[in-house]
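Please look through the sequence and the model before reading on.

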Amino acid sequence: MDRTFQVDLRGVVDLLSHHLYASPRVYVRELLQNAVDAITARRSAGPAGPDSPGPGPLPVIRIEPPDVTGDGTLRVIDTGIGLTEEQVHQFLATIGRSSKRDDLGFARHDFLGQFGIGLLSCFLVADEIRVLTRAEGAPAVLWRGFADGRYSVETEDQRRAEVGTTVTLVPRRDAEDWLRRRTVAELASLYGSLLPVRVEVAGVPVSGEGPPWQAGGSGRRERLQEYCREVFGFVPFDVIDLAVPEAGLTGVAFVLPTPANPAARAGHRVYLKRMLLAEGAEGVLPPWAFFARCVIDAGELRPTASREALYEDSLLETTREALGDQLRGWLMSLAGRNPRRLGEFLDVHHLGVKALALHDDEMLRLVERWWPMETNTGRMTLADFRAQHGLVRYSAQLDEFRQIGAVAAAQGMPLVNGGYIYDTEIIERLPQVEPGALIERVEPGDLSTAFDALEPEVELAKRPFLQLAQRALDRLGCEVVLRSYDPAGVPAMYLTSRSASFAAELRATRERVDDVWADVLDALARTDEQDRSQLVLNYRNPLVRRVTEIPDADLVRLAVEGLYGQALLLGHHPLRPADAALLNGSFLGLLNKAVGHEE
């Protein structure tokens, strides 16, 4: 035998309060939503009634808090379409009933309501809900619902003669604060300030002005800047109009005047059919557009069941892409009409533009032309660098550029610093949009090929010194090389490649593991000499020349160890424990040599 589910209304209310709605304050939104839908339905039904289409004052939703009603209750009064007794049973006494909402037209896209649970939210703050309603040509009906699941329906011919609905909330003992005038006025203004009806709390209007971005006339930009300051707390760098007809969307985007954290979640203010949906909605703009905050009103986007976020579907994805295109178009327009202003924007928000350039060809061209990158010949754009030098040589890591930038410049090798976020990816993507662009990645180990070799007779004469120097650094996996290069003031450079760094890390790890893992790491660490780091001594440096002529083998060892430590420090390389010990030992050894032995 089939049976009917029994519903524990208190359990449902608890579910709503803890898992569906973020706060009891949503009860004001749901009451406003129902009232606006009723007014819209009546206006759509025909010219009868005070709220018929055409010129005239806006229809009014009146909210009377407890200090006005005088009996501790809150009342919401509208002159909407009202309900018949049959409709009361359908819509108010059946949880989740939505299949027959078309009887009133509520399921059509002109209306706010899409879920049959809106009135239940009032039980978050009330123990009893009374709905006195009358439809055209029908008697008035009084519905009383209680938080324990009971309800009653009475026909009240004399209680309400006019068409419309009055909802009365009898507050719970712990929820009186939610019904106070100040709280209700703030919530009614928050949710309903843009509604196409007049909302009054205790006779004081809190809405009816309409979306500020739809207003024209002089001073519009200044008014929108002030609106941004009120909503988001900042005066925008610029204001961008937004429109997506497929989603029934209009609005504005405000460009942040200060840098934004790309990892922070951007919150946007979203209205659906001019009712506030969320103050901090996410996913409205593409992830790269973290430099903007927007306020939008959409007619076709779908809310989630709680009406506090947007439902992820194909329309929202299409809308997000369209809004991204409009922000992108603003950037391209700014480049054409006001390059100085674009430069100011890039100084603040280059990360967002560079992130977009990773997959957008036009943005890549914009970055190439307008964003100055760091080079060892001064800051310049990639376009200017290509025009001056042709080949774009770049270093992929910031520390590598700092290590070799000045020396590379002295060798006549222009170099771009690709170590900042997205810069390497942008440089490597450049040939995809500019077929004639030539790029070459430079690692520190590659720089030694640009240094001058010694004369054969000099190199032969210095072989004994190199043998002593190599023995000093063999245990550190470093090769000693003697070359001539500019600037002469640099005595030594420590050059390494990614493969050499990996091999050094393997050797360091091998010293900290057991024999089994040591054998495994030995197999991985078998590298050629070219995979070793290099200490390149500069024969043009006077100090290095004198070191190569020292007859004392122990003093040569100490000097080479000291030059090795100085090269590590100047190149911003991390010091391993073995490096630190060597640097300390060479310093003390040289100091001992300098002061002499005790007599």
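## The chain as a whole

The chain has 19 helices and 21 strands; both are DSSP runs numbered from the N terminus, helices being H or I of at least four residues and strands E of at least two. This is a predicted model, in which local features need pLDDT of at least 70 and side-chain atom pairs count only at pLDDT 80 or more, while totals for chains, interfaces and linings use all residues. Residues are numbered from 1 along each chain as its sequence is written, and side-chain values use heavy atoms, with hydrogens and water left out.

The mean pLDDT (the predictor's confidence in each residue, from 0 to 100) is 85, and 83% of the residues reach 70 or more. For residues 48-55 the pLDDT is below 50, and this stretch has 14 contacts in the model beyond near neighbours in sequence. The pLDDT is also below 50 over residues 98-116, a stretch with 49 such contacts. A contact means heavy atoms within 4.5 Å.

Of the 599 residues in the chain, 48% are buried. Buried means under 20% relative accessible area, exposed over 50%, and partly exposed in between, with a 1.4 Å probe and protein chains only. Among contacts between residues at least 6 apart in sequence, 67% join residues at least 24 apart.

Helix α2 is largely enclosed by the rest of the structure, because 15 of its 20 residues are buried.

The buried residues of α7 include Leu316, Leu323, Trp330 and Ala335. Its buried residues pack against strands β9, β10 and β13 and against helices α8 and α9. At the N-terminal end, Asp313 caps α7, with a side-chain oxygen 3.3 Å from the backbone nitrogen of Leu315. A polar contact is a pair of N or O atoms within 3.5 Å; within protein, one must be able to donate a hydrogen and the other to accept it, and residues adjacent in sequence count only if both atoms are side-chain atoms.

## A three-stranded sheet

Three strands form an open sheet in the order β17-β16-β18, with parallel pairing. Strands pair if DSSP finds at least two bridges between them. The edge strands, β17 (416-417) and β18 (438-441), each pair on one side only. Four bridges join β16 (residues 391-395) to β18, and Tyr394 has Arg441 in β18 as its bridge partner.

Is Asn538 buried or exposed? At 0% relative accessibility, Asn538 counts as buried. Asn538 is in strand β21 (residues 533-538), and its side chain reaches the backbone oxygen of Val490 at 3.0 Å. Beyond neighbours within four places in sequence, the contacts of Asn538 include Arg483, Tyr485, Ala488 and Val544.

Ala488 lies in the loop between β19 (478-483) and β20 (492-495). At 31% relative accessibility, Ala488 counts as partly exposed. Apart from neighbours within four places in sequence, Ala488 is in contact with Asn538, Arg540, Asn541 and Pro542. Ala488 and Ala410 are 78 residues apart along the chain, and their C-alpha atoms are separated by 9.6 Å.
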